[in-house]
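Work through the exercises below with the sequence and the model side by side. Try each task before reading its solution.

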Amino acid sequence: MRIVTVGIIVLIISLFFPSIGQAKPEISGQNAILMEQSTGRVLFEKNAHDPESIASITKIMTAIIAIESGKMQEKAKTSRKAIYTEGSSIYLEQGEKMTINDLVYGLMLRSGNDAAVAISEHIGGSEEGFVYLMNEKAKWLGMNHTHFDNPHGLDSDSHYSSAYDMAILMSYAMKNKTFRKITGAQSYLSENRTYSWQNKNKLLTQYYDYCTGGKTGYTKKTGRTLVSSAEKDGMSLIAVTLDAPDDWRDHIQMFEWGFTNYDMEKIAEEKSISFKLNESSKVMSGYMQDDIAYPLTDKEKAKVTNQLYIVKDASEITSERIGKNVFYLDGKEIAETDVLRNEQKLEQRKTIFESFISLLQQVVGVGVKW
């Protein structure tokens with residue numbers, strides 16, 4: 001049972017911040033951001049692009065690389081370098097063998113610096129090799145104000161990121177089922193231990209019912225850093241604060257402000273459409289490929305517009321995609337969905353149906369007639 005419920009926390013915040021539904025959050029952190037996970041829309045920011053020291057929230061990158069390596073069930077042998085890494089620890093012993101899976105739990109729940117080094121040496125061949133992978137992944141994700149020197153986040157002049165970059169990283173990581181399971185665990189028992197590791201993220205374990213995961217960080221030089229995720233009413237939010245002495249409250253305040261002021265509004269749905277290339281052309285049919293939801297305030301919902309773009313020779317084109325439907329908010333593009341040839345979509349459905357019938361025939365062992 002959680003020590004403090006979300007209702008009590010929100011009540012306390014509302015007493016001190018009665019305008020939480022209208023005014024933007026007042027944040028103790030020097031840097032902060034609130035991002036909607038699926039679209040990447042920034043709902044709130046404060047010095048979000050400034051590169052800063054980030055401490056142990058670094059381990060989000062270490063964890064996702066380990067998970068994506070496909071080596072989670074392999075056992076890593078703990079080196080002397082790993083056990084003598086300063087700072088927080090899961091108390092590995094030299095020569096001890098532990099699965100990468102268990103090490104990642106120790107990394108994320110207990111912020112084990114020894115676990116970070118053990119993971120990096122096993123997956124990267126060396127700590128330096130793993131750090132190279134971290135920086136390559138950062139470039140691939142578009143983390144343009146980030147550079148990693150190590151897998152744990154201990155202070156270094158050339159180890160830094162921004163609140164925005166860390167939100168991008170967390171948004172990406174939360175798409176991974178294994179990462180979500182690990183970061184959302186309140187405790188974990190390793191096969192190498194007789195006691196469970198308890199998650200240090202009190203936002204998840206005590207303070208906020210809607211929290212789904214995150215990572216804490218702290219060094220004396222950097223201060224408190226925190227990345228967290230929360231989900232409510234079909235909306236998933238990512239919050240980041242750097243150098244924030246009151247980070248638990250900062251994140252709850254940002255989440256509640258975001259959930260109060262924004263809704264995930266469906267701006268496009270998968271459906272057939274009819275259109276004409278010009279006044280003299282015949283009516284043609286197409287298919288809107290995707291459902292799209294976007295975080296909007298009540299005032300913004302009426303401001304969303306769209307423009308349909310179809311290639312001029314759509315009647316003769318042989319490829320599946322014949323255009324796109326682009327959505328705008330205050331003149332700024334916010335989303336788009338492909339327009340397909342309608343018959344192409346019907347062919348896809350036919351192929352899927354035929355594949356299902358073929359599979360059914362294999363399962364039951366007889367012909368199926370309709």
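The model is predicted, so local features need pLDDT of at least 70 and side-chain atom pairs count only at pLDDT 80 or more, while totals for chains, interfaces and linings use all residues. Residues are numbered from 1 along each chain as its sequence is written, and side-chain values use heavy atoms, with hydrogens and water left out.

**Exercise 1.** Determine how many residues of helix α4 (residues 100-109) are buried.

*Solution.* Step one is the criterion: buried means under 20% relative accessible area, exposed over 50%, and partly exposed in between (1.4 Å probe, protein chains only). Step two is the element: helices (H or I, at least four residues) and strands (E, at least two) are DSSP runs, numbered from the N terminus. Step three is the count: 10 of the 10 residues of α4 are buried, so the helix is largely enclosed by the rest of the structure. Among them are Asn-101, Asp-102 and Tyr-105. Just after α4, Ser-111 has a positive phi of about 60°.

**Exercise 2.** State the strand order of the open sheet that contains β7, and identify its edge strands.

*Solution.* Begin with the pairing rule: two strands pair if DSSP finds at least two bridges between them. Five strands then form an open sheet, ordered β2-β1-β9-β8-β7, with antiparallel pairing. β2 (42-46) and β7 are the edge strands, each pairing on one side only. On average, neighbouring strands of this sheet are turned by 5° against each other, direction ignored; the axes are lines fitted to C-alpha atoms, for helices over the stretch in contact, and angles run from 0 to 180 degrees between N-to-C directions.

**Exercise 3.** Describe how β7 (residues 211-219) is joined to β8 (residues 223-232).

*Solution.* Next, the pairing: the two strands run antiparallel and share eight bridges. Lys-215 has Val-227 of β8 as its bridge partner, and Tyr-218 stands opposite Arg-224 in β8. Finally, the burial: seven of the nine residues of β7 are buried, which leaves the strand mostly covered.

**Exercise 4.** Classify Ser-56 and Gly-70 as buried or exposed.

*Solution.* Ser-56 lies in the loop between β2 and α2. Its relative accessible area is 9%, so Ser-56 is buried. Contact means heavy atoms within 4.5 Å; not counting residues up to four places away in sequence, Ser-56 touches several residues, including Ser-111, His-152, Lys-215 and Tyr-218. Gly-70 belongs to the loop between α2 (59-68) and β3 (75-77). Because its relative accessibility is 66%, Gly-70 counts as exposed. Gly-70 and Ile-123 are 53 residues apart in sequence and 9.7 Å apart in space, C-alpha to C-alpha.
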